[in-house]
Amino acid sequence: MILSYVSLLRLRKKYLMDTDFPVRALLPKKDTGAERFLARYPDYDGRGTLIGILDTGVDPGAPGMQITSDGKRKIVDLIDATGSGDVDTSRVVTADEEGFLRGLTGRRLKVPSDWENPSGQWRVGWKAGYDLFPGGLKARLKKERKKAAWTSGHALAVANASRDAEARKKNEPEKLSFIDALEKEEYEGRLDLLGKLDKDYVDPGPVYDCILFHDGHTWRAAIDTSESGDLATCTLLSSYRESGQFATFGQDEMLNYSINVYDDGNVLSIVTNSGSHGTHVACIAAGNFPDDDALNGIAPGAQIVSIKIGDSRLDSMETGTSLSRAVVAAIESKCDLINLSFGEGAHWISGFVLDLMTEVTNEHGIVFVSSAGNNGPALSTVGCPGGTQSSIIGVGALVTPEMMEAEYSLMEKLPSNQYTWSSRGPTLDGDMGIDISAPGGAIASVPNWTLRGSVLMNGTSMSSPNACGGIALILSGLKAVDIPYCPFSIRRSIENTAIDVNGLDRFTVGTGLLQVDKAYKYFLENSGAPEFHASIQVTVNQTQRGVYLRESHQLKHPSMHTVRVETKHPKTVGHDDKIKFHLRLNLTSQSGWLSSPNHLLLANGEREFTIKVDPRGLEPGVHFDEILGFNVSAPLLGPLFRVPVTIVVPQKLSLDSNFSQTDVIRLKPGEVDRLFIKVPKGATWAEITLTSTNSNAGSARFFLHAIQLRKQRDYRSHEYVKRFLLSNGTPTTHHFKLEGGLTLEVVVAQWWSSLGVSELKRCVTLHGIKPEPSEIHLHWSDCTKRVDVFSLLGQEDVQPSCSLNTHVEALRPLESEINVLGSRDVLPGERQMYRLLLTYRFSKAKKGSVTPTAPYLCNLLYESEYQSQMWMLYASNNSLIACGDAFADRYSTTIEKGDYVLRLEIRHDNRQQLQRLKEMAVLIKHKLPSLITLDVYSSLKKAMMPSGPKFGSTRLDLGASCPFFISTPPDDKLPKGLKLGNFLEGTVSLAKHSDVKKVDTYLLRYYVPEKSASSKSGKKGGSSTRKEAQGEVSDSETKVEGNGLEAKLETLDGSEDRNDHLEDIIAAANAVIETINVTELGAYFAMKKDVSDNSEETKSENESKKKSLINALTKKGLAMAEVEQPDMQGLNDVVGEILKWTDMKNSKVLPLAVKHAKLLGHPCRAIRLLQEDETAEKKASDEEICELFTQLKWDHCVANQKQRILRKYPPDYQPF
C-alpha cells in the first residue's frame, strides 16, 4: 500500500507517530567516530583488510555475510579449529560392480556416475548430526522431530494396544491357564511398555555417511544428509577457501556447512557453527548489506576468515587446541586483525596459549583485539586474554543514549555509561586491564538455523568487534595511502586519541572511548616520528606491569619500585635506525603520593628508574595515578608509555562496632559504589543487608558484587555475585564466605537501565567461626574425630553438621602412548605438536552423576604450561557419553550402571613434558544418590555410648572454643563400588543460621575401609547368597565334579556343532533331571525352617540339586525351542516347571524366556525380557528388539530404535 505524503502527515498527527526509526543506532558507529570517518573516506571502509574471527564459527548464508562493499567474497575461509567436526576417513573402500559402496553406518551408498574418481578409491566415515549441531538447533529439532516422528505414531500405537487389551479381556476365560496368563501379561504389558518407551524417549538424531575422494585435482566430499544412501541427492563440496561452496543439512535444520580435508585425506572436517555468537560478532565487525547500508557493520569492505574455536562438544567452550590452531590459521591466512570475543579468568598471565598469542602480535604483526570480560563491576575482574595481555587490545563495553533508544527501547535516554557487568581493571600485576571501550550492544545478523534474521546481544563480546571493525577502517585508510603500521603504532594511536566518558574512571573505560577518525588523523600526523612505531614495554619490580597495593601490609610505609622500560622495534627497522634512536623523556604524574624522576634518556634497549609510592594519609577507597613518559621534542604525540599505579585503602571495622558498619548510599542508573574493608584474621563470612529507603520510588534492579584477591588465584576464587530487584522498605540479606587477612571489596551498583535515583541503607557485618583443623580428614580406623571450633570476632551460635556427598575414585592409566600430531598442529617455526593419550577404566555400580577431573591440570586454560587437555568418556560399546576439558565442574554427566572407558588427551610441543605425565592419575567423582550425614557429639564419652545424645547447638563468646566429635559412617551407609584408596568427600558447617551453613563450609574427607570379612561373605558362614537362593549360577558352578551326566550335558551344550545335537542335549538334560527327586526337593524348600543338626550340610546339598535342576531344565527348553518344529506343549511344560523354582528374569533362564515368548507370539514380553537381560550381546539384543517392534507394527519405535543402534554402536572411538 502506497501512502501519499499528505496521508502520512495525517497518520503522524493522529497517532503522534514518529516514522524516523533510529536504524543506524542498531549497530552503533556514531559515538566511535566510525560514521564520521566513512563520511569523509567512503572507500576506506575496510577494503584491503582481512579479519580473523575466532569464535563459534560464522554462517556463510547469514544476512550481510556474502560480499564486501567492493564485490569480493566476504568470507575468505571457514575453518573448524576445534576438531568437533572431524570425521575419521582413513578407511578406504571400492565400489562393487553395481556402483555401490558400503558405508560405515551399514547403508549401501550409490555413487553417481558423473563423479570423477581416477583412483577408484573412496574414503568413508560417519558423523552423528547432533555432534555437529549447535545446542539451540538441537533443542528445536528434538521438539520438531518428536512431534513429526514419534508423537502421532505413539498415540496410534497406544490406541491400538488399548483396543486389543479390551477385546482380549472380553473373551478372557474365567480360569486362566499358564499360557492364558502369559497372554494376558502380553496384552496388558503393551500399554506399560509404550508408557515406558514414551517416558524414556530419546532422539539420537541423524547419523550421516561421509564420502571423500580425490578427483585428480582436489579433494571432494559428500555428506549423505538424506540418510538414504542415494549420493546423487548430496551436494558435492571442495574446500571453502578454494571454491566458496557450502551446503545445508536440510530445510528443517537450516544449518549451513562446508568442508576441509587434512592429513592426506585421513581427516574430513565438517565445518559448522557451534552457536550464533560468531555470526553476530562478524556482522558487527564487517557485515555488508548492499540494499540497506544502515545495517552495515563497522567495516563493510573488510573480508573475514571464520575460525571456529568454540567446541560443539563442549557447549561452544574454547580449548587450548582450538586457540592454538586458530592463531596458526590466522598467520597462514595473512590476517591483518584478529577478533577474539572469548575469555576466562586466569590465575597468572603467561602460559602456552598466551605466549603463542603474544607471538602473533610481536612476531607476525597482527593487530589482536579481544573482549575484556563481562564479570564486573568489581575491580580486577578482567578476563584472559583480552584484559590481561599487553600484546592484545582489551575492550570494555559502553552503552550510549542512541543505543538505549533503538536497541533497548528505554523510555528515556540516559548519559553514556559502561554496562554494569563490564569487567574492570586493574590486573593482579597492576596493568590497566581495559585498554579502550566501545559500544557493547548491537542488533545484528545471526545464523539461519535460528530462524531469525537478527537479534540483540550485548557484552564485551560485542564491543570487541566494534573496536576491531573501527581499527580495520584505520588500516584500510593506511593501506590505501601506503603508510606502514604495526600493532604498537595502532595501539598508540587509539589509546592517545580515546576520549573520556562522563567522568568514568580508568578502571572502567581504560584510556576512553575509541575515536576512529581522530586515531587515523593522529596516525597520519605522527607516523614519521621514529618513536611512533616503537613499543616501549614496561616492567615493574621484574615481574609486574604496574603497581597495585591493596592489602594492609602494603600500605603501612612508603614503597620504592623499580621500573624497567625496554624498546621493541618492528622487524622492518634496520640497525642504523636503532643506533640513531634516542628519546629525551619527561616523566609526569598527577598525585602527590606518587613520585618519579623528571627526565629519562632512552636509547634502543632498556633503562631503569625508581618511583616512590606513599599511601600514608590517603582516604579509604581506590586511588589511581600513572607515570606518563612524553618525548620533550614531540609532546603532542602523547605518552609513549604508562606506568599505572593503583592503591586500595580499606576501612577498618573494630571490635567496638561488632565488626559492623551501616551507612546510606545514593545511586543513579549505572552508578557504582565501592566499599573496601580490611578483613581481620579469623573472619570467615560476611552478612550484608540492603534496604531501599526511597519513599516514593518503585522497585529498581541492583547488582551486588564482593571480591577478595589472592596471588596466583583468579577473581572467581573468592567472589560473590547477585542481581536482584528491590522495592521500597524491603530488605535483602546476603551471606558469603571470607578469607581473613585479605581486603574485601563490596560493590553495590544500580543496573544501568534501571531508571531513577535510589537510596539504600547498607549494613555490613563480619563474622568468624573457625575449626581446627580447617580441613577434616577422617580415616575409617579413627571411629571418631575431634574438631575444635573457635569464635574469633564475637558471640556466635554454633551447630556443627557434617555430610558426605561425593565418592571420589582415583585411577591410574591402563594404557599410555605419545603420538606425533598432524599438519594442523605445527606451530610457527616448524614446532611439531605431540599428544599424550591416557586410557582409564572404571565401573558404575548404579546410575548416577560422575565428574572426571585431572587435578594437576584442572582450571588451567590460557595460562596452562600445556597446550590443552580434553577427556572423552565412552561406554563399553564405544559410544561417546560426554566430553570435558580444563574446567571439571562444568562437565558432570549422568551415566547408567556399567563399565566405562575414559580417554584423556594432553598436548605439548615437547615430548619430555608429556613423558612426565604418563602415569598421571585422574579422579572420578561420583555424586552420591543421597547425603550421608555423620553423627556429631559434644564429647568423646557421648560418642562412645550406643545411643549417645547428639550435639545440639551452643553459643560461644568472643575468644571461646569448644570441641565436637565426628563419628565415621557405618558400613551399611557406604555406597557400592568402594575400593581401598577411594574416599568420600563432603563438608562441615559450623554456624547455626541455615543460610550461613551454605556458604561457610569446610572440606571433609572420609577414607574408606577395605571390605570387612563379614561383608564379603553371606549370612551364616557365607555359603548362600541371593543369587544362589534364586538359582542363579555361573558356568563354573554348573560343572559339578564327579557328575558324569551333568558333564555330558555341558559338553554337548557348549560344542561348536551344538545345533546338530539338539535332540542329544534334550536327552542329556532329561537324564540329569531324572537323577533328582523333585518331590523331595520341593518338600525341603517348602519347609519354614530346618532344625536338624546337619541343617547347613542339607541346605548346601539341596541348593546344589536345585541349581542342577534349573540348569538342566533351561538347557532342555532352549534346545526344544531351537529344533525345526518345536513341541510347544512340551516347551510350555518345561517353562512351567522352571517357574516353580525360579523367576524367569533369572539371568540364566532369560534367553529361554525370550525364545518362549517369541514362539508364543508375544513380542512385548520378549522385548521386556530382552531389556532385563544384562548378559546378552547388547547390539544383537537391540537389533532383536527392533524386529519385535516391527512385529508389533510400532513403526515409530522401529525408526527410533534403528537410529539409536547407529549411535550406540559406533565402529570406533571418535577423534579428539
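The sulfur of Cys962 lies 12 Å from the closest cysteine sulfur, that of Cys802, which is too far for a bond. Cys962 is itself buried, with a relative accessible area of 14% (buried means under 20% relative accessible area, exposed over 50% and partly exposed in between, with a 1.4 Å probe and protein chains only). This is a predicted model, in which local features need pLDDT of at least 70 and side-chain atom pairs count only at pLDDT 80 or more, while totals for chains, interfaces and linings use all residues. Residues are numbered from 1 along each chain as its sequence is written, and side-chain values use heavy atoms, leaving out hydrogens and water.

**Cysteines**

- A search of the whole structure turns up zero disulfides, a disulfide being a pair of cysteine sulfur atoms within 2.5 Å.
- For Cys335, the closest cysteine sulfur is in Cys468 at 9.8 Å, again too far for a bond.
- Cys335 is buried, with a relative accessible area of 6%.

**Nonpolar cores**

- The largest nonpolar core has 85 residues, and those with the most contacts inside it are Ile51, Ile304, Ile471, Val565, Ile611 and Phe641. Such a core is a set of buried Ala, Val, Leu, Ile, Met, Phe, Trp, Tyr and Cys residues joined through side-chain atoms within 4.5 Å.
- Helix α11 (residues 460–480) gives this core its largest share, nine residues. Helices (H or I, at least four residues) and strands (E, at least two) are DSSP runs numbered from the N terminus.
- Apart from this core lies another, of 75 residues, with Val76, Cys335, Phe887 and Ile906 among them.
- Which residues does Ile304 contact, leaving aside its neighbours within four places in sequence? They are Leu50, Ile51, Ile53, Val58, Met65, Lys74, Ile75, Val76, Asp77, Ala282 and Ala286, where contact means heavy atoms within 4.5 Å.

**Buried residues in strands**

- Gln418 belongs to strand β19 (residues 417–418) and is buried, with a relative accessible area of 0%.
- The Gln418 side chain reaches the backbone oxygen of Ala397 at 3.4 Å.
- Not counting residues up to four places away in sequence, Gln418 touches Gly396, Ala397, Leu398, Arg424, Ser437, Leu504, Thr508, Val509 and Trp752.
- Ile818 sits in strand β45 (residues 815–820) and is buried at 14% relative accessible area.
- Ile818 and Tyr834 are 16 residues apart along the chain, with their C-alpha atoms separated by 6.8 Å.
- Beyond neighbours within four places in sequence, Ile818 has contacts with Tyr834, Arg835, Leu836, Arg911, Leu914, Gln915 and Lys918.

- In helix α22 (residues 1044–1054), the buried residues are Glu1046, Leu1049, Glu1050, Leu1052 and Asp1053.
- Seen down the axis of α22, these buried residues fall within an arc of 165°, so they line one face of the helix; the arc is that of the directions from the helix axis to the C-beta atoms.
- On the other side of α22, Gly1044, Lys1048 and Thr1051 are exposed.
- Helix α25 (residues 1095–1122) includes Glu1103, which is buried with a relative accessible area of 11%.
- Glu1103 and Phe1085 are 18 residues apart in sequence, and C-alpha to C-alpha they are 9.3 Å apart in space.

**Salt bridges**

- The structure holds 64 salt bridges, each a side-chain nitrogen of Lys or Arg within 4 Å of a carboxyl oxygen of Asp or Glu.
- Arg47 and Asp43 form a salt bridge, with the closest N and O atoms 3.5 Å apart.
- Arg47 is partly exposed at 26% relative accessible area, and Asp43 is also partly exposed, at 48%.
- Arg545 pairs with Asp429 in a salt bridge whose closest N and O atoms are 2.8 Å apart.
- Arg545 lies in the loop between β23 (535–540) and β24 (547–549), and Asp429 in the loop between β19 and β20 (436–439), so the pair ties together parts 116 residues apart in sequence.
- Are these two partners buried or exposed? Arg545 is buried, with a relative accessible area of 10%, and Asp429 counts as buried at 10%.
- Arg835 and Glu905 meet through their side chains in a salt bridge (3.0 Å, N to O).
- That pair links distant parts of the chain, 70 residues apart, with Arg835 in strand β48 (residues 834–844) and Glu905 in strand β53 (residues 898–908).
- Both Arg835 and Glu905 are buried.
- Salt bridges with shared partners join Glu1050, Asp1053, Arg1058, Lys1115, Glu1122 and Lys1155 into one network.

Notes. A polar contact is a pair of N or O atoms within 3.5 Å; within protein, one must be able to donate a hydrogen and the other to accept it, and residues adjacent in sequence count only if both atoms are side-chain atoms.
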